Amino acid sequence: MKTLVEPIKKGLQKSLHLLWLLIKIIVPVSCLVAILDYYGFVELIAGFFTPAMALFGLPGEATIALLLSFFVNFYAALGVIATMNLSSQQITVLAVMIGICHELPVETVICSYTGLRIPVSAALRLFTALLAGLILNLIYNLILGGV
Amino acid sequence: MEIATLLITTITETLLSIAQLALLLVPILIAIEIARHYQVIEKITGKTKGALRFLLLPQEAALPLLAGIFFGIVFGSALIIDYAKEGFLKKRDLLLIGIFLSISHSVVEDTFIFAVFGANPLVLITTRTILAIIITRLAASLIDRFAPEAN
């Protein structure tokens, strides 16, 4: 049992660290989005992207979550998702897309150590995310008849 | 609605969802650390032969690949850089691991976080893994065909 103390302590430390990080990112981001929404900016962006987002079965507002996850990180996107009213199908599709493509400015650099060039890795992840969203939404609609 | 009320509601709601997340996140991160402590990944690397053969990757790729999938891209690439220095893996293998991990990494943590927000964890993990496998395999075939000098 004694050997377990060390990993538990480390896990706790990491949890606290991550939760603090989440608070630092999600709270300001959701406030910013709430303000942008208040002044009608979210509606503006959402309206513009509504046709594109319909391909994934998502509302136009999901664009904000996708953009935040691509360029900042997926914790920032969670700040928006928490305020959106999405069905479980929509959250799953959005989560798959975000899971594949997020935090590009940082992660593409990390991945470049393997020899994968930064623009290639960014394009690959963006393309895969869009493809995944498209396919998953089709599967949900065609096979499962929408959930 | 006044801006101040709006902000207070937003902050309260956000903190509540983070608190909800904490309930799951803490035990999961502890479990991940315990798995790391007992070197679970090192112990299961032998069982990945078939999967690696399908990805056209050597047995040596198992550890950095699994570490990246379960513990995250930073930890995975730290191992990859190590392996690259030691010369265990060829340029082509490193690139393929990079491709796989860029699409699918820290699946446990990510999946649980999204599950708290209402996503289906099974769909999430399956879609990401299948796509990473298909794309890595495709890339492996392409590299071997058109850039054999990377071997």
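Which residues touch the most other members of the largest nonpolar core? They are A:Ala65, A:Ala77, A:Leu94, A:Met97, A:Ile98 and B:Leu96, in a core of 82 residues. Such a core is a set of buried Ala, Val, Leu, Ile, Met, Phe, Trp, Tyr and Cys residues joined through C-beta atoms within 7 Å. Buried means that 20 or more other C-beta atoms lie within 10 Å of a residue's own, exposed means 12 or fewer, and partly exposed is in between, with C-beta atoms placed from the backbone.

Some ground rules first. This is a predicted model, in which local features need pLDDT of at least 70 and side-chain atom pairs count only at pLDDT 80 or more, while totals for chains, interfaces and linings use all residues. Residues are numbered from 1 along each chain as its sequence is written, and chains are lettered from A and ligands numbered from 1 in the order in which they are written.

Chain A has seven helices and zero strands; helices (H or I, at least four residues) and strands (E, at least two) are DSSP runs, numbered from the N terminus. Its C-alpha trace spans about 55 × 40 × 35 Å along the principal axes, and 44% of its 147 residues are buried. Two residues are in contact if their C-beta atoms, placed from the backbone, lie within 7 Å. Of the contacts in chain A between residues at least 6 apart in sequence, 62% join residues at least 24 apart.

Where the two chains meet, chain A brings 44 residues and chain B brings 46. On the chain A side, helix 1 (2-38), helix 4 (74-81), helix 5, helix 6 (104-111) and helix 7 each supply at least two residues. Helix 1 gives the most, with 19 residues. That side has 27 nonpolar, 12 polar and five charged residues. Here Ala, Val, Leu, Ile, Met, Phe, Trp, Tyr, Cys and Pro count as nonpolar, Asp, Glu, Lys and Arg as charged, and the others, Gly among them, as polar.

The expected span of a helix is 1.5 Å times one less than its number of residues.

| Helix of chain B | Residues | Expected span | C-alpha end to end |
|---|---|---|---|
| Helix 5 (73-86) | 14 residues | 20 Å | 20 Å |

In helix 5 of chain B, the buried residues are B:Ile73, B:Gly76, B:Ser77, B:Ile80 and B:Ala84. Seen down the axis, they fall within an arc of 90 degrees (taken from the directions from the helix axis to the C-beta atoms), so they line one face of the helix. The face turned away carries the exposed residues B:Asp82, B:Lys85 and B:Glu86. Cover for the buried residues includes helix 6 of chain A, together with helix 4 (62-71) and helix 6 of chain B.

Helix 8 of chain B has buried residues including B:Val123, B:Leu131 and B:Ile143. Its buried residues pack against helix 5 (88-100) and helix 7 (118-142) of chain A, and against helix 6 (91-103) and helix 7 (107-116) of chain B.

**Positive phi values**

Just after helix 5 of chain B, B:Gly87 has a positive phi of about 75 degrees. B:Leu56 is not a glycine, yet its phi is positive at about 60 degrees. B:Leu56 sits in the loop between helix 3 (49-54) and helix 4 of chain B, and counts as partly exposed with 17 C-beta neighbours inside 10 Å. B:Ser106, in the loop between helix 6 and helix 7 of chain B, has a positive phi near 35 degrees. B:Ser106 is buried, with 20 other C-beta atoms within 10 Å.
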